[in-house]
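Please walk me through this structure in the viewer. Tell me what to select at each step and what is found there.

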Amino acid sequence: MHVGTQFTGSVAAGASHTWFTWGWPAAWNVIWTVVPTSPSPGSPQLEWEVAVERASGTAVTYWITIRNLRSASINIEARYAITNI
Amino acid sequence: MWCNTQVTYSPSPNNARSESEVESNPLNSLNMVGASKRFTNPATYDFTLAAYSTFDGGESWAEAAPLALLGHPDPNRVWAGISDPAVAWDNAGGCYLFALPFPGPPSPYQTLGIAVYKSGDGGRTWSAPNFIHQSTGDDKQWATGDRNPGSPYYGHVYAAWDNGSQLAFVRTVDHGATWRGVGTQPVGSSLAPDSFSPSITVMNDGSVLIFWIAGSTIKYVKSTDGGDSFSAPQVAASGLTTLSGSLPAPGGFPELPGGKFRVLTLPTSCAGSGPEVVVAWADYRDGASRIYYRRSTNRGGAWLGPASGQPLLPAGPPLTQHDFHPQLASTPSGAIGCAYYEFGPKWSGGPSWIDVQLAISHDGGATFGDVERVSNVSWDPAVDAPLSHGDPRTTFIGDYFALGASNRGFFPFWTDTRTGIQEIFCGRAMVLGPWTGVQFRGTVPAGATHRWYTWGWPACWHVVWDVLPTTPHSGAPQLRWRVQVERASSGSITYWLAITNVSSNAIDVEARYAVLAAD
């Protein structure tokens with residue numbers, strides 16, 4: 001297994017933002033998670049969805065849409081885990 | 001694989017932070033104290049120091065109340081701020097922050113002396129400053145404590161700095177109650193006449209070595225009696241190719257190709273768990289900045305390898321990458337780490353950004369085989385960079401950053417701009433899982449959505465969630481779930497799992513977690 005952070009960024013209050021990350025070997029089993037990095041206790045700050053594009057016979061592009069559930073901008077960190085290497 | 005924990009959360013880009021230091025409590029490695037510059041006006045180079053503490057091994061950090069500054073009847077000697085943080089611990093839980101007070105304009109003085117702040121509660125609160133030495137020539141202090149229970153001088157705290165070009169020295173042998181220099185001399189007694197930016201190391205037998213750079217030579221003095229006396233200056237390395245001697249300095253400070261921030265060749269040193277001692281610096285002999293070092297295996301009696309040192313990494317990065325700002329530290333088990341910044345394009349044609357790297361030696365500094373990238377994203381040194389002394393030609397990311405070490409491993413402590421602000425981050429090594437389990441079970445009525453939350457998950461952990469029905473009912477899906485995330489504090493996360501029953505019967509559910517990586 002290998003884990004890491006693919007990108008960081010911010011999402012405006014109440015907004016959704018989509019990032020894409022390309023060139024992932026199609027043979028890899030990749031799991032995506034997203035966490036806020038701006039502490040703000042009380043209720044959920046974000047949720048995310050992953051969409052996948054088979055860009056070629058060997059490569060995958062992941063599209064990660066992150067939705068800010070709050071009324072203030074948040075900083076986020078998108079993490080991956082490759083579970084089969 | 002490293003967790004990057006954000007230490008500071010600045011209210012404004014004006015509060016840029018850099019030039020960091022961190023040291024672990026020798027009596028409790030969960031407790032570490034850090035410090036850094038905290039700007040108030042990056043355009044005019046106005047700042048003071050801020051101090052930080054953790055009591056959970058770096059998972060979460062708190063910033064202490066602002067450190068007190070002193071007034072003075074002479075307006076030229078009123079403290080506008082303090083600079084150049086150096087942190088050391090004694091053997092009774094006392095933590096000391098050595099600071100360099102300076103006046104505001106239009107004072108003719110650049111600095112005012114050396115002050116010591118003490119914390120007796122692990123860095124949560126700090127004393128008023130003890131202004132132990134007053135000289136407008138003071139600069140670039142460093143400090144360390146004797147952390148070795150087997151040393152006859154266990155608990156002594158030592159500091160050294162430049163007073164003009166004199167190597168000034170101070171120590172306390174009574175947990176900060178009194179301060180004195182060499183022997184019975186007063187605070188700031190001189191050990192050498194040609195000092196720049198000293199670095200202090202204490203060996204496991206209590207020997208104290210103070211290194212500094214004089215032109216292209218790294219020199220040192222040694223005490224074997226707890227600072228009562230020191231040797232004459234000796235040479236640890238000579239023939240260095242310094243950054244100052246190699247790079248353009250449009251604003252008076254050297255700047256790397258592709259960068260506007262200032263860099264310097266400053267020595268860093270540490271001892272292993274035995275007779276090994278290592279001194280390292282940034283060197284430009286290869287046409288790019290590289291970390292070079294020299295090593296002794298007999299407590300500084302003799303130095304191995306070429307007089308001008310050897311590269312830390314025999315196979316360095318491409319010449320487009322510059323390695324600089326080395327910081328050495330060692331763990332009690334004898335691993336020696338060297339953290340450094342690596343500046344350059346991170347992809348072909350890309351902008352020049354910085355990664356934080358850590359090279360580790362497991363053979364007393366003979367080789368540094370393991371190199372790990374600590375920063376999990378590269379950071380842009382041009383973002384939110386203060387102007388060095390207000391000069392638009394040169395920016396500031398600190399003249400150094402920190403590497404802490406304890407029986408829990410290494411803790412790089414650096415400036416990072418990933419949030420758009422110069423903030424301080426701390427790195428902690430992670431280990432791979434997975435560790436799996438069931439977090440909770442419950443029931444969801446037909447057609448309903450029920451939301452659970454589970455709190456206190458370390459923010460560094462990579463956690464994935466899975467929900468299954470435990471009520472058998474074949475023929476159609478029974479549930480779907482959505483994960484939402486809350487950063488409850490700097491170090492912890494609350495997960496919210498909203499589970500929807502899409503069937504026409506109540507179902508029992510089981511929420512499972514897999515921790516893929518943890519610190």
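Start where the two chains of this predicted model meet: 24 residues of chain B are in contact with 25 residues of chain A. On chain B, select strand E31 (462–469), strand E32 (479–487), strand E33 (492–501) and strand E34 (507–518), the elements that each give two or more residues to the side touching chain A. Of these, E32(B) gives the most, with 6 residues. Colour that side of chain B by residue type, and it divides into 13 nonpolar, 7 polar and 4 charged residues.

Next, go to an open sheet of chain B. Its 4 strands follow the order E2-E3-E4-E5 and pair in antiparallel fashion. Strand E2 (17–25) and strand E5 (62–63) of chain B stand at the edges; each has a single partner strand, so one side of each lacks a neighbour in the sheet. Now select E2(B) together with strand E3 (residues 28–41) of chain B: the two run antiparallel and are joined by 7 bridges. To see one position in this pairing, pick B:Ser24, which stands opposite B:Met32 in E3(B).

Finally, zoom out to the whole of chain B. Its secondary structure comes to 34 strands and 0 helices. The C-alpha trace spans about 85 × 55 × 50 Å along its principal axes. The radius of gyration of chain B is 25 Å, which agrees with the value near 24 Å that a compact globule of 519 residues would have. Colour chain B by burial: 52% of its 519 residues are buried. Among the contacts in chain B between residues at least 6 apart in sequence, 59% join residues at least 24 apart.

Notes
Residues numbered from 1 in each chain as written. Chains lettered and ligands numbered in written order. Predicted model: local features only at pLDDT ≥ 70, side-chain atom pairs only at ≥ 80, totals over all residues. Contact = placed C-beta atoms within 7 Å. Nonpolar A, V, L, I, M, F, W, Y, C, P; charged D, E, K, R; others polar. Pairing = 2+ DSSP bridges. Rg over C-alpha atoms; globule rule 2.2 N^0.38 Å. Buried ≥ 20, exposed ≤ 12 C-beta atoms within 10 Å, placed from the backbone.
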